[in-house]
Amino acid sequence: QVQLLESGGRAVQAGDSLRLSCAASGGTFSRLGLGWFRQANGKEREFVAAISRSGNDLDYADSVKGRFTISRDNDKKTVYLQMISLKPEDTAVYSCAARPTILSVPSTRDPGDYYHWGQGTQVTVSS
């Protein structure tokens, strides 16, 4: 069973940068496709970024493209979300998700494709 634990969320000012981490335990990390999602108060969960098992396929929501970068470190069993130029509308609980895949499968932004979820970490951006 894969367990995911996010960290790095905190309160920041607009324009600041922040890096979120999601450490995995259990399972074989290198066989996982990974994603970041967020949910703001009173809103639906939305896709943020995804990375394929191979690390070659990356996908971003239009709202974060150019500001957020997803990456993975298989040795550390960790997926990262580097965020720059943060905006108040980025305020949300950020959760990572994982799914076992074969090597050739691209990343996915569909939350229904993910089997494992972390509890989330709060990011608050004030203006």
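User: Is tryptophan 117 buried, exposed or partly exposed, and what tells us?

Analyst: Let's look at the relative accessible area. Below 20% a residue counts as buried, above 50% as exposed, and in between as partly exposed. In this predicted model, tryptophan 117 has a relative accessible area of 28%, so it is partly exposed.

User: And what about phenylalanine 37?

Analyst: Phenylalanine 37 has a relative accessible area of 2%, so it is buried.

User: How do I read a pair of aromatic rings?

Analyst: A pair of aromatic rings is described by two things: the distance of the centres and the angle of the planes. Four aromatic pairs occur in this structure. Take phenylalanine 37 and phenylalanine 47: their ring centres are 5.8 Å apart and their planes meet at 70 degrees, so this pair is edge-to-face. Phenylalanine 37 sits in strand β4 (residues 32-39) and phenylalanine 47 in strand β5 (residues 46-51), so the pair ties together parts 10 residues apart in sequence. Both phenylalanine 37 and phenylalanine 47 are buried.

User: How is the pair of phenylalanine 37 and tryptophan 117 arranged?

Analyst: That aromatic pair is tilted, with 5.0 Å from centre to centre and 50 degrees between the planes. It links distant parts of the chain, because phenylalanine 37 is in strand β4 and tryptophan 117 in strand β10 (residues 116-117), 80 residues apart.

User: Which residues form the aromatic cluster?

Analyst: Phe37, Phe47, Tyr114 and Trp117 form one cluster.

User: What lies over the face of tryptophan 117?

Analyst: Arginine 45 does, at 4.1 Å from the ring centre.

Terms used: Residues numbered from 1 in each chain as written. Predicted model: local features only at pLDDT ≥ 70, side-chain atom pairs only at ≥ 80, totals over all residues. Heavy atoms only, no water. Phe/Tyr/Trp six-rings, centres within 6.5 Å; stacked < 30°, edge-to-face > 60°. Helix = DSSP H or I, 4+ residues; strand = E, 2+ residues; numbered from the N terminus. Buried < 20%, exposed > 50% of the residue type's maximum accessible area, 1.4 Å probe, protein only. Lys NZ or Arg CZ within 6 Å of the ring centre and 35° of its normal.
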